[in-house]
Amino acid sequence: MARERRAGYVLLFAILLCFAQHGAAQRIVRPDPTDAAHPFDTPAAVSAPATDAQFARWREQAKAALFIPKIAPPVAAREFGSFTVMPGVVAHRVTYGTQFGMRVTAIVYHPDHVSGKLPAVIVVAGHGGSKSTWYEVYAGLLYASAGAVVVTFDPIGEEERNSEHLIDARAHDTVLPGLESPARMGGLMIGDVMGAVSYAASLPEVDPKRIAVVGYSMGSFHAALAAGLDPRIRALVLSGGGDLDGNGGSWDSSSKIMCQGGPYQALSFLPDKGAILYALHQRAGETLILNGAEDNLVAVPHHGESFFADLNTRVLALAGPRVPKIEYRFYPGVGHRPSWVNRDAATWLNARLHFPRWQTISPESLGETHIAEWAAATGAHINHGYESEKTEGGIRAVGQGFPAPTRAQLQVVPDGEWKMHEDLYTWQGWARRILLAEGLPPDVPEPTPPRPPRPATSNATPKPPSH
């Protein structure tokens with residue numbers, strides 16, 4: 001009898017040990033929330049899901065806080081010609097409408113000779129990026145060759161939305177007077193993503209239920225917020241970010257006040273803004289986040305695996321257990337880079353968008369391209385400081401043999417037309433309108449001269465991280 005009792009105790013101990021080990025593997029490790037440099041300032045998960053009405057209120061309140069109009073600006077698309085980039089892919093020069101009747105300049109990549117409804121991919125640039133940056137061009141060619149319509153566009157203050165047509169200009173970082181200016185700037189940039197979705201959805205060949213948005217760095221922030229505010233976005237792939245945290249966290253503390261810090265602070269009325277924004281999107285679609293384990297511009301290690309496990313717990317508590325979890329991966333030895341042209345992203349997007357030309361093949365069969373070598377051979381533009389193997393230059397992208405169009409080919413609006421209506425495109429034109437809207441003199445400051453970005457190759461911990 002004693003022997004049987006001892007055997008039972010041993011068995012019970014083994015079961016308890018198994019549960020304990022499983023629990024340890026799943027445990028969420030929260031850093032000290034009093035750490036001023038890296039606050040993990042997020043509430044505990046709620047006890048019951050929010051109602052549909054509550055989600056609708058949060059969405060409308062967030063749009064209002066960012067001055068995103070209730071009625072979207074008309075698409076009013078104009079085309080300025082097209083050219084064949086490579087066999088099977090045609091690039092169209094397009095503008096579409098944004099706030100105050102202004103225009104967004106875009107290159108839209110179309111597959112030719114594809115029947116049936118097509119998916120669409122919207123590409124959102126990081127700081128200093130534009131439609132001429134290598135990853136915009138590469139994503140356009142990669143996913144258009146797969147059978148998608150791909151929209152790439154200039155953020156406000158870059159390239160054709162810059163008074164001097166500068167690239168890597170970062171004019172949108174220039175601080176404007178007025179308490180509302182940062183929220184308005186963020187709202188414009190998020191609204192431009194939503195405008196690209198409206199443009200894509202307006203095309204008769206596009207399936208409005210198969211629209212994805214991919215965003216990098218600053219673009220990950222704008223894309224994540226756009227996906228929370230626009231349920232038409234069904235698939236979301238973020239890289240070099242996606243770590244939406246709480247009040248006082250790394251996004252609130254961003255040194256980029258106009259396009260990141262200020263807009264995120266404007267949403268601080270939300271009880272758990274990161275989880276609410278993702279819950280809004282996860283109710284309509286899915287998310288994949290691809291970050292480097294040594295990305296200095298993401299708040300690593302505080303925003304690593306444990307951060308996203310905790311974020312998923314809070315999202316599922318808000319939206320209910322049936323919504324899909326946020327998927328995330330960290331690449332060892334990798335820094336800041338747009339990984340949504342790699343095999344993981346291409347495979348994930350194909351499973352959700354069903355690219356017409358990839359239904360009988362796998363992305364693995366397309367080979368890969370080392371981006372640093374490709375850029376050197378084709379002249380594709382990589383922003384200064386990101387050519388290294390650890391960052392953008394080291395990406396192994398799906399596909400081989402892609403060309404890189406010249407900036408002249410990628411210019412959308414003819415010079416004469418652009419000069420005649422410059423005020424409708426540029427940051428200065430937008431800034432004047434904002435100052436007037438806030439009741440201030442329309443004295444637009446000179447744009448802050450762009451500073452070369454700190455190369456994202458150091459292992460030093462930033463203070464605080466600035467996306």
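Predicted model: local features only at pLDDT ≥ 70, side-chain atom pairs only at ≥ 80, totals over all residues.
The protein chain comprises 467 residues, of which 57% count as buried, and its secondary structure comes to 13 helices and 11 strands. Where contacts join residues at least 6 apart in sequence, 75% of them link residues at least 24 apart.

Among the helices, H4 (residues 181-202) packs with H5 (residues 218-229) at an angle of about 65 degrees, the two axes lying 9 Å apart. This angle makes H4 roughly perpendicular to H5, and the crossing in which H4 passes H5 is right-handed. On the side of H4, the contact is made by Met189, Ile190, Val193 and Met194, which meet Met218, His222, Leu225, Ala226 and Leu229 of H5. Classed by type, the residues of this contact comprise 8 nonpolar and 1 polar, with no charged residue taking part.

The C-alpha atom of Ala201 is separated by 8.3 Å from that of Ala120, although the two residues are 81 residues apart along the chain.

Side chains of opposite charge can pair when their charged atoms come close. In the present model, 23 salt bridges are found. One of them joins the side chains of Arg210 and Asp207, with an N to O distance of 3.6 Å, and both Arg210 and Asp207 are buried.

Another salt bridge is formed by Asp310 and Arg314, whose closest N and O atoms are 2.9 Å apart. The two residues belong to helix H8 (residues 305-319) and, because they are 4 residues apart within this helix, about one helical turn separates Asp310 from Arg314.

Arg433 is located in helix H13 (residues 427-437), whereas Asp423 is located in the loop between helix H12 (415-420) and H13, so the pair ties together parts of the chain that are 10 residues apart in sequence. With a relative accessibility of 31%, Asp423 counts as partly exposed.

Salt bridges also link several residues into a network, the members of which are Glu286, Glu327, Arg329, Asp344 and Arg352.

Beyond helix H8, in the loop between H8 and strand S9 (327-331), lies Gly320. Gly320 has a relative accessible area of 6% and is therefore buried, the limit for this class being under 20%. When its neighbours within four places in sequence are set aside, Gly320 is in contact with Pro49 and Val315. The distance from Gly320 to Arg283 is 9.0 Å in space, C-alpha to C-alpha, for a separation of 37 residues in sequence.

Definitions and conventions. Residues numbered from 1 in each chain as written. Heavy atoms only, no water. Salt bridge = Lys/Arg side-chain N within 4 Å of Asp/Glu carboxyl O. Buried < 20%, exposed > 50% of the residue type's maximum accessible area, 1.4 Å probe, protein only. Axes fitted to C-alpha atoms, helices over the stretch in contact; angles between N-to-C directions. Parallel < 35°, antiparallel > 145°, perpendicular 65-115°, else oblique. Left-handed = near helix turned anticlockwise from the far one by under 90°. Contact = heavy atoms within 4.5 Å. Nonpolar A, V, L, I, M, F, W, Y, C, P; charged D, E, K, R; others polar.
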